[in-house]
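My notes follow the order in which I looked things up.

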Amino acid sequence: MAVVASPKTPDITLYTAQTPNGIKVSITLEELGVPYKTHAIDFSKETQKEAWFLEINPNGRIPALTDTFTDGRTIRLFESGSIMQYLIEQYDMEHKISYPKGSRESYEVNNWLFFLNAGVGPMQGQANHFFRYAPEKIPYGINRYQNETRRLYRVLDKHLRDAGTEYLVGDKCTIADIAHWGWITGAGWCGVKIDEFPTLMAWDERMLRRAGVEKGRHVPSPHRTKELLKDKEAMDLVAKEASDWIVKGQEEDAKK
């Protein structure tokens with residue numbers, strides 16, 4: 001008779017900041033109900049470039065995660081998609097936010113997870129940069145990335161509408177949905193109006209009603225994107241502060 005291995009005890013530390021990529025992992029952990037410790041990374045102090053952090057993620061980006069692996073040794077994880085796949089493989093034995101490995105649905109989840117990692121995240125990230133942070137406003141850059149973000153949103157909106165399901169893959173929230181949510185809910189930050197995509201907007205609101213999303217989005221600090229979009233003065237102040245350290249970091253990297 002086969003013996004089913006019991007889930008291992010988590011010993012997770014999440015290194016993160018209040019960004020669309022950072023909250024993917026904290027939401028995943030909250031949806032799974034897995035305990036974890038949080039280490040906030042301060043971009044303005046360039047904590048992500050310190051030697052100790054580069055030992056965890058050589059690329060100097062968040063999120064990153066450490067855990068005790070099945071061999072008793074520390075394992076490091078970086079890149080949000082890799083971390084999310086690790087968490088469901090190690091801790092989602094009940095398939096709360098995943099489907100059984102090898103199933104048709106599991107491959108479909110991967111489709112949308114990589115769609116986000118290769119498309120929505122990079123394109124919207126560049127739209128954010130040129131629209132909010134760049135010290136010089138370049139219309140071509142703004143238009144290029146805003147329009148590509150809109151195109152990708154149309155793909156998502158049409159998929160959800162045609163599928164007629166509550167989430168990207170069936171009626172179960174998965175890591176594909178969680179990966180997208182931080183970006184989609186912050187559409188206005190890059191100058192894209194979410195109400196242009198009614199099915200996607202309904203999905204955004206549905207996600208926000210989930211307890212795991214509500215708790216996880218406030219790690220390691222309050223998630224204020226929608227509130228900021230209603231307050232131009234506060235929004236401009238946050239964008240200016242971020243722009244200062246972004247430009248400084250780029251200049252320092254260019255000297256290396």
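This is a predicted model: local features need pLDDT of at least 70, side-chain atom pairs count only at pLDDT 80 or more; totals for chains, interfaces and linings use all residues.

Helix 1 covers residues 20–32 and helix 3 covers residues 80–91. I found that their axes come within 9 Å and cross at roughly 10°. Angles under 35 degrees count as roughly parallel, so helix 1 and helix 3 are roughly parallel to each other.

Next I looked up the residues that meet. On the helix 1 side I noted N21, K24, V25, T28, L29 and L32. On the helix 3 side they are S80, I83, M84, L87 and Y91. Sorted by class, the contact of helix 1 with helix 3 has seven nonpolar, three polar and one charged residues.

Then I turned to helix 4 (residues 104–133) and helix 5 (residues 139–163). Their axes come within 8 Å and cross at roughly 150°. Angles over 145 degrees count as roughly antiparallel, so helix 4 is roughly antiparallel to helix 5. I also noted that the crossing of helix 4 past helix 5 is left-handed.

I listed the residues of this contact as well. Helix 4 contributes E108, W112, F115, G119, V120, M123, Q124, Q126, A127, F130 and F131. Helix 5 contributes G141, I142, Y145, Q146, E148, T149, L152, Y153, V155, L156 and H159. By class, the contact of helix 4 with helix 5 divides into 13 nonpolar, seven polar and two charged residues.

In what order do the four strands of the open sheet lie? I read the order as 2-1-3-4, with mixed pairing. Strand 2 (37–40) and strand 4 (74–78) are the edge strands, and each pairs on one side only. Neighbouring strands of this sheet are turned against each other by 20° on average, direction ignored.

I checked what packs on the sheet. Helix 3 does, touching strand 3 (64–68) and strand 4. The direction of helix 3 makes about 135° with that of strand 4.

I finished with strand 1 (residues 13–16), which runs parallel to strand 2 and is joined to strand 2 by four bridges. The bridge partner of T13 in strand 2 is K37, and that of Y15 is H39.

Terms used:
Residues are numbered from 1 along each chain as its sequence is written. Side-chain values use heavy atoms; hydrogens and water are left out. Axes are lines fitted to C-alpha atoms, for helices over the stretch in contact, and angles run from 0 to 180 degrees between N-to-C directions. Helices (H or I, at least four residues) and strands (E, at least two) are DSSP runs, numbered from the N terminus. Angles under 35 degrees count as roughly parallel, over 145 as roughly antiparallel, 65 to 115 as roughly perpendicular and the rest as oblique. Contact means heavy atoms within 4.5 Å. Ala, Val, Leu, Ile, Met, Phe, Trp, Tyr, Cys and Pro count as nonpolar, Asp, Glu, Lys and Arg as charged, and the others, Gly among them, as polar. A crossing is left-handed if the near helix is turned anticlockwise from the far one by less than a right angle, and right-handed if clockwise. Two strands pair if DSSP finds at least two bridges between them.
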